[in-house]
Amino acid sequence: MAAGSDRDNEVVAEQRHVDRVYERLAQLRQEARELRSAGYAKGQERHPGALFERDVMVFQASRMLRELETEHEGLVFGRLDTVGPGGVHHIGRLGVRDPDFEPLVIDWRAPAAAPFYRATPEQPMEVVRRRTIRCFGQRVTDLHDDLLMPDSAPQDMAVVGEGSLMADLSRARGGAMRDIVSTIQREQDEAVRAPSGGITEITGGPGTGKTAVALHRAAYLLYSDRRRFSGGVLVVGPSPVFMDYISRVLPSLGEDAVELRALGEVLDGVSATRLDRPALTEVKGSARMRKLLRSALADTPTGAPTELRMVYRGQVLRLDEATLRAVRQDVHRMRVVPNRARREAAAAVLGALWKVAQGTGEELLRERREVLAADLGDRTEFDDFMDAWWPLLRPASVLGSLGDRERLARLAGRSLPADVVTALAASWARSVAVDGEPDWSVADVALLDELRVLAGEPGEGRRGREFFFGHLIVDEAQDLSPMQWRMLGRRGQYASWTIVGDPAQSSWPDAGEAGRARETALGRVKARRGFQLSTNYRNSAEIFQLAASVVAEHVSPSELPKPVRSTGWPPVVRAVTPATLPSLTAEAVDELLAAVAGTVGVITTMDRRDEVAGWLADRLAAGPRLRVAGSLEAKGLEYDGVVLVEPADLVAESSTGRRALYVALTRATQRLTVLSSTDTWRS
């Protein structure tokens, strides 16, 4: 370990290099601005290629400026000292070369930077010393070294700090996820740099860095094949809270060409945040909903006329409700999407009118079908009827119409129990009108997307319009319903995929049904590779021991990651009563806010979230360090300290029971307090 003066000397030396990098960066920015100005000037020249040259120059210069002007937290964060002369390489978020094209900083995604993440004492990859450099703005504030080849180290080589990973794990958490670009470990780096084609699956337990690895993989893919992926990478996560939590990671890596959407935002024009009760979510997410949606589309729309009367050559031709219903069924049997079937529907109605005319016994009406169709079909009254009888079917209107319990019960038949029909109808009735704005649940979004495809869009043919991406990253994939897999599959028909999840944390009860939907969504992609992350960097050993005990009988030992550190602070479990719970919750929160420097999360059931937040209203108003989250909202998040309220209620809330509790128990990095009125959650 270097003495204090050695540390200071090393900081000064690294500061000189960082200063040189920023000076060069300022020069490159100025050159990019001059290139952009020259491009605009090209547009004033009067020859055929001038405008093209202008566009190319301005585009290239603007892209360079975006990269160079990104506010990087620690542009230079690493250094490799390798065997042999000239073996010093600095690693950073952006590649920077001096005027002679010698590298001042190597982009972390470049092959030359791989040893920074993959070298170990057992396989040092010619790396003698690996140094992590921590900066605040342009100022070097700290260093941490790992000596990988002690026998090859010069006698005067200083080794500073306790190692970068352990130092980073002890840092307080804030309100947003930090990137891990300076501390990516070997098993994580292998997943980050996996080939871009096909399907890459990243699995691992809580705290293994799955989400961070997936986001760094997005940045790596754009670096390695920007032309293929630029503007076409979609990251999907479970909730807006989660997406906001991870939203700063990619910009901190200099990437802004990636779309981040929660599951409730995947369908353009819809943004849903409301979560149904778990039992209702399971019904809406099941593949059996497809049959119900098809029936809803084929049913007579609300407000459609139930009779058609037209006068032809002095005779009244009438189609009653039963006849019109039969005509509608005949049109739907043609397998043409409804919003593209207006012509077929009109022809069918005219055909039914011709049959009525044939049965009148009047000789004047017994003529060719096309003559009658041409006459009646050109009338305004017929167009008005068709507009009302075969309207454009909008997904929101169709799903909203199922808020009518009688209608829903008729369409569902015996496929849904009466209590489920009541719950579904109440949910969809609520969705239709809340202050004039739709209030869809997250589970509804996949149903709306299914209806979009089943109904079709005018002018788009049989399949409707789709939205394609070059690469999809799906986080918390173990929780996706079959209907949600179908929604994502439409957007990834021609994409490569990165799928991130942990079966042990699954909240979807029927793994087989979800698995079949997933395979359908992924298509026939043959190239597949998997990465199992086995190290828990989030939880202390004391906290994870308790978390693992609640699912020990439900998961295999291989699914449980190994924690890398111990804090000496075991979880605190306190007995409460309904009467003392509010005050003891507030007391536990105060203790944790005083004990940890970062965030404190209070986790409870979804039904009780607002009630618990009310107990802590004054503390929540005091600042952003304290958060209250329902069990489903806590997925993917982490806090320095956690207060878990009534764990037995979390088990009872979800059909996956102990897996939901396991998730909640693994959100804390430093301290955990459990408040419980019963011990049943332990057994």
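Reader: How many nonpolar, polar and charged residues does the lining of the largest pocket have?

Author: This is a predicted model, in which local features need pLDDT of at least 70 and side-chain atom pairs count only at pLDDT 80 or more, while totals for chains, interfaces and linings use all residues. Residues are numbered from 1 along each chain as its sequence is written, and side-chain values use heavy atoms, without hydrogens and water. Rolling a probe the size of a water molecule over the atoms shows where empty space is left. On a 1 Å grid over the protein atoms alone, a pocket is an open set of points with protein on both sides within 12 Å along at least five of seven lines, a cavity is a set where a 1.4 Å probe fits but cannot get out, and lining residues have an atom within 4 Å of a point. Here the lining of the largest pocket has 13 nonpolar, 9 polar and 16 charged residues; Asp, Glu, Lys and Arg count as charged, Ala, Val, Leu, Ile, Met, Phe, Trp, Tyr, Cys and Pro as nonpolar, and the others, Gly among them, as polar.

Reader: Which residues lie nearest the centre of the largest pocket?

Author: They are Arg294, Leu297, Arg335, Pro338 and Leu454, from a lining of 38 residues. Helix 12 gives the most to this lining, with 6 residues; helices are DSSP runs (H or I, at least four residues), numbered from the N terminus.

Reader: What is the volume of the largest cavity?

Author: The largest cavity has about 470 Å³, a volume being the space filled by probe spheres set on grid points joined across faces, edges and corners. Its lining comprises 28 residues, with Met177, Ile180, Gly209, Ala212 and Glu638 nearest the centre.

Key:
Helix = DSSP H or I, 4+ residues; strand = E, 2+ residues; numbered from the N terminus.
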